[in-house]
Amino acid sequence: MRKVLLARLDNVGDVLLAGPCVRAVAAGGDTVTMLASPRGRGGAELLPGVDDVLAWSAPWIDLDPEPVTAAGIDEFVTRIRALRFDRALILTSFHQSALPLALLLRMAGIPWLGAISDDYPGSLLDLRHRVHGDVPESERALSLAIAAGYRLPAGDDGGLAVRRPLPDVSRLTGERGYVVVHPAASVPARQPTAEHAAAMVAALARAGHRVVVTGAPSERQLTALVAGEHARDLGGATTLRELAAVLDGAAAVVAPNTGPAHLAAAVGTPVVSLFAPVVPAARWAPYRVLTVLLGDQGAPCRDTRARECPIDGHPCLESISPLDVVAATAEVTGRR
C-alpha cells in the first residue's frame, strides 16, 4: 500500500468538496492522509476514505497568515519527511497556486507529486494537470485523481458524503423536518445582513416552518439576532459533526455560499442558496443536491472575489425577498 498525502489547505467547505477525490484515491488501495488547514481540519475528519489528518496553515492561502519564517518552514518539511509519503496530490481552487506547496513537498522527499497547474512547474510536479472552464469544484478535484490513475469505486455516484453514523441531536432540534437557516459566511461579501436574515426567518416561521438557526461560537450574537422570537438558536451549540447531524435532520437548509451549505449537500439535504456572485456559482453552488439559487448573479460584484461587498447596499443578496426564500423552501421541500 502506498502512502498518499492529499492536500487541501483552505476552509471546511473546500475540504468537503474534495470528498469524491479522496474516495477515488482510497478505492485504489492507498492510505490517505489529508493535509488541511486548522480551519479545514474538521471537514477532513468527516470525509470517508481519510485515514489520518494533518493540520498546517499555508501562508500563501490562509486569510490571516502568520509571518513566514525559515524555522516554521523547516519544521513543516521535517514533519512531512518523517512520514515518508510515496505520493502527493495537491488540490487548490482555480485562483490558488499549487507550486509553493509542491516545492516544500519536494524538499520533504516525496518522490511523486501531482497538481492542477496553469503555471509552468518545472521539476516540481510529475503530473501537471490542466482544467478549463467553470467546472464544479468537486469535479475539478476528482479529475486530478483520475489523471493520476484513480477511479471511484463501482456504485459511487461522485456526490459529497460524510462518515456515518452521525450523532443524535434531537435534544437540540426536536423532531426532524425543521428548516435550518445558517446566516454567516467566511467573508462578509457572501452573507446577507443580520436584519435581512432575521426577516427571512420570520417569514419562514409565518409560513408554518419550524426554524433552527445555526452558527459557530464566534457567531452567537448574529444567530441570536437572526433567530429572535421565531426560531431555535443553536449558535455555538454544536461541533461540526453535530452540525452535520442537525443539517441531516432538516427538510431544507437556507444558507449563503459557506461550508454548511456544502455540508448540507454532503448529507443530502436540499439547499436554498443565497449566493453572492463574487465567485462563480457554476463552481461553488451546492453540489449534486436539490438546490434553488437565489441572488442577482449578474450584480456588479460578479467574479470579483471580494471579501467586503464593493457595492453600496449589497444588492446581490439584499434584493432577495423573504417571500422568495419561503417560495424556494416550498419548492425544495415539496410544500405548496
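## Buried cysteines, cores and ring contacts

Cys 21 counts as buried, at 0% relative accessibility; buried means under 20% relative accessible area, exposed over 50% and partly exposed in between, with a 1.4 Å probe and protein chains only. The model is predicted, so local features need pLDDT of at least 70 and side-chain atom pairs count only at pLDDT 80 or more, while totals for chains, interfaces and linings use all residues. Residues are numbered from 1 along each chain as its sequence is written, and side-chain values use heavy atoms, with hydrogens and water left out.

Cys 301 is also buried, at 2% relative accessibility. Its sulfur lies 4.0 Å from the closest cysteine sulfur, that of Cys 316, which is too far for a bond. A disulfide is a pair of cysteine sulfur atoms within 2.5 Å, and the count is 0 disulfides.

The largest nonpolar core has 61 residues. Such a core is a set of buried Ala, Val, Leu, Ile, Met, Phe, Trp, Tyr and Cys residues joined through side-chain atoms within 4.5 Å. Leu 6, Val 25 and Met 34 are among the residues with the most contacts inside this core. Helix H11 (residues 259-267) gives the largest share of the core, 6 residues; helices (H or I, at least four residues) and strands (E, at least two) are DSSP runs numbered from the N terminus. Another core, of 34 residues, lies apart from it and includes Cys 301.

Leaving aside neighbours within four places in sequence, Leu 6 is in contact with residues including Cys 21, Val 25 and Met 34, contact being heavy atoms within 4.5 Å. With the same exclusion, Thr 223 is in contact with Val 213, Thr 214, Gly 215, Asp 233 and Gly 235. Thr 223 belongs to helix H9 (residues 220-227) and is buried, with a relative accessible area of 0%.

There are 2 aromatic pairs. Rings of Phe, Tyr and Trp (its six-membered ring) pair if their centres lie within 6.5 Å; planes under 30 degrees apart count as stacked, over 60 as edge-to-face and the rest as tilted. Trp 56 and Phe 76 are stacked, because their ring centres are 3.8 Å apart and their planes at 20 degrees. Both residues, Trp 56 and Phe 76, are buried. Ring pairs link Trp 56, Trp 60 and Phe 76 into a cluster.

A charge sits over a ring if NZ of Lys or CZ of Arg is within 6 Å of the ring centre and within 35 degrees of the ring normal.

| Charged residue | Ring | Distance to ring centre |
|---|---|---|
| Lys 3 | Phe 85 | 5.2 Å |
| Arg 283 | Phe 94 | 4.1 Å |
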